[in-house]
Amino acid sequence: MLQKILYNFDIAIEAIRRNKLRAMLTSLGIIFGVASVIAMLAIGTGAQQEVLKQMELLGTNNVIIQPVIEQEEGSVDDEQNVEDSKRFSPGLTLEDLASIKDVIPEIEYVSPEIIYETNFIRNARMRTGKLVGTNDDYFGINNFEFAAGSNFSETQISNSAPVAIIGYDVRSKFFAGEDPIGKKIKVGHLWLTVVGVLKKRELSTESIENLGIRNYNLDIYAPATTVLLRFKNRALLTKQDVSGGGGSVRVFGGGMMISSSSSSSGGGDANYNQLDKLIIRVSDTKYSVIVAEVLSRMLKRRHNDVVDFEIIVPEQLLQQEQRTKRIFNIVLSSIASISLIVGGIGIMNIMLASVVERYREIGVRMAVGAQKKDIELQFLTEALTISISGGVVGIILGMLFSFAIESTADIATIVTPISIFISFGVALLIGVVFGFFPAKRAAQQDPVHALRHE
């Protein structure tokens, strides 16, 4: 069988050599079909990776915990009873963070976020901005890159060191033309030493407004322990908290809570949470909902059955991620099918013409003992040879197209082994499918009629 295949392959090569121009024009459909498929797949894969990367920046792998005022309901007459029976909760604290990190699996990073609006001052320049208390995991969760310096060290975090990492725009404003590493900037009442500078995060005004993303380039970051020790710890009571602002102190179950009509929430309970937010990144999006359920039970137990927190899973982003993947797969599959089917039609058209031209050759072969299967295999081998050679050239051309598109149009392209395998496999399938009908037609010719054909 192998000998017969090699013999038919030699015949196919000889036929292609006799009609080089026709064979080349026939293979052009496959060449450009495969090349276009590989280029489209490369562009589509690059675009998909870019979209998913942007989604990841928004937090598709994140579970967010935020403190909220506990919701109460009942009649007006029950208000006093609700106040008396209300349980004490320590609020969202660093102890919650440590427990989450130690107990729950499938978690990559856990980071706190404490935000205070304050003033930045240096060299007689001042501007308002946000001081963000966090830890070294924060920058991994938000995919920050460092332009200079480094992340917080364990020693700096444990010692509550007066250090800071500044955003790109803060550097441009306060350290223009100089290296900020090791220099100081005054944040509120405290001078902080700069240990790192973040790369610029490109965010459009529409993204900031519509998606609620803070402009990270304008922030200064310090260890959460530093912010709690050297600036303000809302979980601790001070003389000013007790006596200032007309607030009143309430005691619940051995704990103490302050009520103030001038709280940041516009009334009701003052913010007694150490943290403004806990950001948790899970190893895979499939664990997000499960981790959120475990977190809810865990925090409720730690907060003495007081639900003074909310857990946010970016479900819409997760759904959009899956929808985007499906759309890209459908579009790319359609493009691949259309491009290569056009090339296959070209092969079938030329092979049918070749059968008509070679009636006499077919008659001679059948007259000297060739079977119908031999004639079928001859023309099928010729179609496959054209298809395979066109597929190989198309793969090389497609890779060159992808490289040229990325270089000239500034569009990310990714050529994957699976795209090459799919393109070549489809080209091979096209050769078989569209070469079979002409081969079948050639084998059905009557040898006497074929020998008399001029």
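Reader: How many salt bridges does a search of the whole structure find?
Author: The search finds 9 salt bridges. Keep in mind that this is a predicted model.

Reader: Which residue does glutamate 95 meet in a salt bridge?
Author: Its partner is arginine 302, at 3.9 Å from N to O. The two sit in distant parts of the chain, 207 residues apart, with glutamate 95 in helix α4 and arginine 302 in helix α11. Glu95 and Arg302 are also linked with Asp96 in a network of salt bridges.

Reader: Is glutamate 95 buried or exposed?
Author: Glutamate 95 counts as exposed, at 57% relative accessibility. Arginine 302 is partly exposed, at 31%.

Reader: OK, and what does aspartate 276 form a salt bridge with?
Author: With arginine 234, and the closest N and O atoms are 2.7 Å apart. Aspartate 276 is in the loop between β10 and β11 and arginine 234 in the loop between α9 and α10, so this pair ties together parts 42 residues apart in sequence.

Reader: Why does arginine 234 count as buried?
Author: Because its relative accessibility is 14%, and buried means under 20%. Aspartate 276 has 22%, so that one counts as partly exposed.

Reader: Switching to strands: which way do the side chains of β5 point?
Author: Val163 and Ile165 point one way, Ala164 and Ile166 the other, and all are buried. In a regular strand, side chains alternate between the two faces of the sheet.

Reader: Which strand runs parallel to β5?
Author: That's β7 (residues 190–198), joined to β5 by 4 bridges. Isoleucine 166 has valine 197 in β7 as its bridge partner.

Reader: And which one runs antiparallel?
Author: β8 (residues 220–223), with 2 bridges to β5. There, tyrosine 221 stands opposite isoleucine 165.

Reader: What about the surface, which residues make the nonpolar patch of about 400 Å²?
Author: Ile388, Val392, Ile396, Leu400 and Leu428 make that patch. Helix α14 (residues 372–409) gives the most, with 4 residues. Leucine 400 is found in that helix and counts as exposed, at 51% relative accessibility.

Reader: Last topic, backbone: what is the phi of glutamate 106?
Author: Positive, about 60 degrees, although glutamate 106 is not a glycine. Most residues other than glycine have a negative phi. Glutamate 106 is in the loop between α4 and β2, and it is partly exposed at 38% relative accessibility.

Reader: Where does aspartate 305 lie?
Author: In the loop between α11 and β12. Aspartate 305 has a positive phi too, near 65 degrees, and its relative accessible area of 44% makes it partly exposed.

Notes: Residues are numbered from 1 along each chain as its sequence is written. This is a predicted model: local features need pLDDT of at least 70, side-chain atom pairs count only at pLDDT 80 or more; totals for chains, interfaces and linings use all residues. Side-chain values use heavy atoms; hydrogens and water are left out. Buried means under 20% relative accessible area, exposed over 50%, partly exposed in between (1.4 Å probe, protein chains only). Patches are made of residues with over 30% relative accessible area and no salt bridge: like charges are joined within 9 Å, nonpolar side chains (Val, Leu, Ile, Met, Phe, Trp, Tyr) within 5 Å. Accessible areas come from the Shrake-Rupley method with a 1.4 Å probe; for residues, only the protein chains shown count as cover. A salt bridge is a side-chain nitrogen of Lys or Arg within 4 Å of a carboxyl oxygen of Asp or Glu. Two strands pair if DSSP finds at least two bridges between them.
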